[in-house]
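Me: I would like to learn how to read a few features of a protein model. Please take them one at a time.

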Amino acid sequence: MYGVFFEDINRAADGGLYAELVQNRSFEYDPADNAGYTPLTGWAPTGGTLDVVDDDARLNERNRRHLKLGLPAGVVNAGYNSGINVERDEKYDFSAWARTDQAAGTPLTVGLTDPAGKELAPGLKIQVRGDGWTKYTGTFRARESSTTGRLLVAGGGTGTLRLDMVSLMPQDTYKGHGLRKDLAEKIAALKPGFVRFPGGCLVNTGSHYGYDASTGYERKRSYQWKDTIGPVEERATNANFWGYNQSYGLGYYEYFQFAEDIGAMPLPVVPALVTGCGQNRATDDPALLQRHIQDTLDLIEFANGPADSTWGRKRAEMGHPAPFGLTHLGVGNEENLPEAFFGNFTRFRAAIEARYPEVTVVSNSGPDDTGATFDRLWQLNRDAGVEMVDEHYYNSPSWFLENNDRYDSYDRNGPKVFLGEYASQDNRFANALAEAAFMTGLERNADVVKLASYAPLLSNEDYVQWRPDMIWFDNDASWGSASYEVQKLFMNNVGDHVVKSTASGTPWSPEPITGAIGLSSWATSVAYDDVKVTAADGRELFADDFSGDASRWTGNGTGDWGVVDGAYVQADTGVTNPLVTAGDPTWRDFTFSVKATKRSGS
Ligand code: AHR
């Protein structure tokens, strides 16, 4: 019943679960991913001439850019967060693709240092030979620990050296499969029954469902699994929905393998070609839809097909001849165009059931826990006899307490529920307790609620798009929230039967609210002006004309994204909420209205 939902949000993959320590290893970061990016984001020159180029000398068509150094020259990579995490006595595998125009070759010096240049491990000396791309490797053994490590790569002599896919991986990864150990272990300790991946809004909401005819790989593509398998240097990076570049180093093969490693059922979600998450766009291109349906059939073959089938062979070539045993697959996420979504869903479902009748095709009920879209989607799902419907909701702790009986009245003969995303909106003890109370209602209704996963699973504390989250981390440490402990408690102690219980007495009063006001929007790239938050009695709680000052906002309110982009922002600096008294332990319901001028965007 209980599982986890892994989405590449909050840098959960690159700089998170994927153990790669070099940021922007293939120089593919682009302002199209995030206005703050350049192809050299993460890198700093140490001298000499250097340029990131996309020319005929490229490594391959999917990995188009590389670093061109006029020798002697070098660069340093600072990883994620405060730097590269290095632990004494551990080994780190360096690799890079390189070519030189020097007939005698080019000496490459590779170092692992602190920010001041002090060695953390003995350096590597590599001789690059030939003007064709070759992969060079070496291993560091750290003599010292540091959380602010730097990787130095420098070419000596004269002429031109070209570099791409500069990588540093710890040898000590979860089960040797390239995932960061402490994070994978925390997830494994939950004993999840399934892993839903890779999103979320991430899956469905690219600007492009196809490929650009000229480059082949337009940025902001929806998540397309075929981009994410095979040799990592051939996986085209993408701008993801959450505003950063994704390398796809953690791709479909790795997701399946991770699910297997932790004894969980893999539950992938594919785009239905109808956007949700604040956008209202559906493809009207039948050929494109058919291509995605075929991709989904190919995905099932990749997961389950024999090692001599077209896609099963690719899985075998990556190291896993045995099938992964896919039994459930989601189509779409949080669409808010019910008819358009259901039309597409029906075509996916028919094609999958015709070829793979044993696979459960999971539908969804839109972005809310109630309302017209939710009702319409449920009706369509029910009428069509869909097996399982994905529900999502993020609500206050009081909502979770008050809705313990949500599933008591669900139709026992209708579609089963996959509660694919839920959380009460903060990371306090009170939230975890409200979730625990709610989960007793899920268990009481286990005949209807077949699967449930808290969301999101992971957040890098320096790159937050969404909170609350279950597990937090930086470059060297990770810690579970109170909600994590609740999930672990429930997942490790699944009951066999329900004990009838009654309660009396004074309702429990959770922790006081100490005053933050949230504002959320599901539109992408919307900037707001002149925000005013007014209480029901007319008192102004908060006003901001921004005047170029985004510092009072957390969440997505940064960069070129405008103030709100696909998640919430929270004004939590310098805001006094007169409706709340610090230390007052009683729950209060607030009614307030938000007025804002939309400045730009969709
Ligand atoms: O979990 C974060 C986001 O919340 C998901 O991407 C989306 O499905 C939901 O709205």
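This is a predicted model: local features need pLDDT of at least 70, side-chain atom pairs count only at pLDDT 80 or more; totals for chains, interfaces and linings use all residues.

Me: What average pLDDT does the protein have?

Reply: pLDDT is the predictor's confidence in each residue, from 0 to 100. Here the protein averages 87, and 82% of the residues score at least 70. The model scores ipTM 0.98 and pTM 0.86.

Me: Where does pLDDT stay under 50?

Reply: One such stretch is residues 521-526, for which the model has 27 contacts beyond four places in sequence. Another is residues 547-576, with 79 contacts beyond four places in sequence. Two residues are in contact if their C-beta atoms, placed from the backbone, lie within 7 Å.

Me: How do α4 and α5 cross?

Reply: Helices (H or I, at least four residues) and strands (E, at least two) are DSSP runs, numbered from the N terminus. Axes are lines fitted to C-alpha atoms, for helices over the stretch in contact, and angles run from 0 to 180 degrees between N-to-C directions. The axes of α4 (residues 286-304) and α5 (residues 310-317) come within 7 Å and cross at roughly 45°. That makes α4 oblique to α5; angles under 35 degrees count as roughly parallel, over 145 as roughly antiparallel, 65 to 115 as roughly perpendicular and the rest as oblique. The crossing of α4 and α5 is right-handed, meaning that the near helix is turned clockwise from the far one by less than a right angle.

Me: Which residues of α4 and α5 meet?

Reply: D298, E301 and F302 in α4 meet T310, W311, G312, K314 and R315 in α5. By class, this contact of α4 with α5 has two nonpolar, two polar and four charged residues. Ala, Val, Leu, Ile, Met, Phe, Trp, Tyr, Cys and Pro count as nonpolar, Asp, Glu, Lys and Arg as charged, and the others, Gly among them, as polar.

Me: How do α4 and α6 cross?

Reply: The axes of α4 and α6 (residues 338-355) come within 10 Å and cross at roughly 40°. That makes α4 oblique to α6, and the crossing of α4 and α6 is right-handed. L289, I293, T296 and L297 in α4 meet N344, R347, F348, A351, I352 and R355 in α6. The contact of α4 with α6 divides into six nonpolar, two polar and two charged residues.

Me: Which residues come nearest to the ligand?

Reply: A residue is near a molecule if its C-beta atom, placed from the backbone, lies within 6 Å of it. Of the 13 residues around the ligand, G200, C201, E334, A455 and P456 come nearest. The shell has six nonpolar, four polar and three charged residues.

Me: Which peptide bonds are cis?

Reply: Most peptide bonds are trans. A cis bond joins L71 and P72, with omega about 0°, and P72 lies in strand β3 (residues 66-77). The bond from F197 to P198 is also cis, with omega near -5°.

Technical notes: Residues are numbered from 1 along each chain as its sequence is written.
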